Amino acid sequence: MERNYPLHRLTTWKIGGPAEYVYWPAHTDELEEVLRSTRAEGIPLWVIGRGSNLLIADEGLPGIAVVTTSLDGIEWRECSVRAQAGYTLARLAQESGDRGMSGLEFARGIPGTLGGAVIMNAGAHGADMSGLILAVTVLRPDGTVVTVPRADLEFGYRHSSLRSQGVVLGAELLFSPGERVHILKQMQENLSKRKAAQPLEYPNAGSVFRNPPGDSAGRLIEAAGWKGKSVGGAEVSGKHANFILNRDQAKAVDVLTLIEIIRHDVLNKYGVELVPEIEYLAPRG
Ligand SMILES: Cc1cc2nc3c(=O)[nH]c(=O)nc-3n(C[C@H](O)[C@H](O)[C@H](O)COP(=O)(O)OP(=O)(O)OC[C@H]3O[C@@H](n4cnc5c(N)ncnc54)[C@H](O)[C@@H]3O)c2cc1C
């Protein structure tokens, strides 16, 4: 457990003030214990994976931020895998491909954990996590651990019914048998497309807004003239307008201001309400 830990170290945006405490449980029972005691004492509990979809407030977070990245157990089977929430999604994708298991070709360049990907129903290239999930093990807010089968879960575009149901401890994924060479080639192609389209040279959190139905947030933001515009140290990428870059020690408030201005402008110009895909964590009221 670390006290007064700078959370900018735990997010891909490299933004965020200190957490009162940060804890990296190595076993799920440690996480269960933290949940029990924070609940009993009314202490705020935050869950962070690889922080690749998070904007954390400049004033930091009270209570305990639990980071799942040390929960990285894995068990491979014939054509499925059981992994803990902190396992890196990109590594899981690469290893499944190496084993000739098809299904995670879309995920090779997504920099989150398995837990974050399940909660967000992360996806790309026309596929998402919901297509592989067999079951998800969850630590409920009341302290119980349940394994929820796919049939009892709902998934949508960057959405799952697991939100606010507790902490994802792990998941079981089902693959299809495939040709190793073909799977790895597909992953390589997807990675190349990303490198060509995305501005990865400055800290960022991927797409800031969800794509509205039938359109692309990046297209709308670009059409509204926002490419290259900045507030403080935060800048709308000149390469991909749905990325906001931390160009120069950006603050969360810089990013939030840009998000609000862009939302208003796109609404005024095109009548489309952009909804953020990234999540903002801030002390509650
Ligand atoms: C360069 C770049 C490219 C990206 N490309 C894509 C893409 O193609 N497709 C896509 O969908 N996303 C993409 N993302 C966004 C991000 O990688 C995904 O949303 C990812 O699934 C988030 O996982 P994480 O572990 O980083 O979660 P975090 O950002 O740490 O957390 C995200 C949310 O999930 C919650 N959470 C995390 N772990 C758990 C858990 N175990 N139990 C309960 N709640 C949890 C957090 O509390 C938070 O609310 C990209 C990001 C970057 C930086």
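Which residue of β15 is the bridge partner of Val-136?

1. Basis of the note. This is a predicted model, in which local features need pLDDT of at least 70 and side-chain atom pairs count only at pLDDT 80 or more, while totals for chains, interfaces and linings use all residues. Residues are numbered from 1 along each chain as its sequence is written, and side-chain values use heavy atoms, with hydrogens and water left out.

2. In β15, Ala-171 is the bridge partner of Val-136. Strand β11 (residues 133-139) and β15 run antiparallel and are joined by six bridges. Strands here are DSSP runs of E with at least two residues, helices are runs of H or I with at least four, and both are numbered from the N terminus; two strands pair if DSSP finds at least two bridges between them. The open sheet has five strands in the order β6-β7-β15-β11-β12, with antiparallel pairing. At its edges stand β6 (74-76) and β12 (145-149), each of which pairs on one side only. Neighbouring strands of this sheet are turned by 15 degrees against each other on average, direction ignored; the axes are lines fitted to C-alpha atoms, and angles run from 0 to 180 degrees between N-to-C directions.

3. The shell around the ligand. The ligand is surrounded by 34 residues, and the closest are Val-47, Ser-52, Thr-113, Gly-123 and Glu-279; a residue is counted if one of its heavy atoms lies within 4 Å. The shell divides into 15 nonpolar, 14 polar and five charged residues, where Ala, Val, Leu, Ile, Met, Phe, Trp, Tyr, Cys and Pro count as nonpolar, Asp, Glu, Lys and Arg as charged, and the others, Gly among them, as polar. The largest share, five residues, comes from α3.

4. A polar contact is a pair of N or O atoms within 3.5 Å. An N or O atom in the side chain of Ser-52 is 2.6 Å from an oxygen atom of the ligand. For a polar side-chain atom of Arg-163, the distance to an oxygen atom of the ligand is 3.4 Å. The protein buries 94% of the 970 Å² that the ligand exposes when taken alone, by the Shrake-Rupley method with a 1.4 Å probe.

How values were computed: A polar contact is a pair of N or O atoms within 3.5 Å; within protein, one must be able to donate a hydrogen and the other to accept it, and residues adjacent in sequence count only if both atoms are side-chain atoms.
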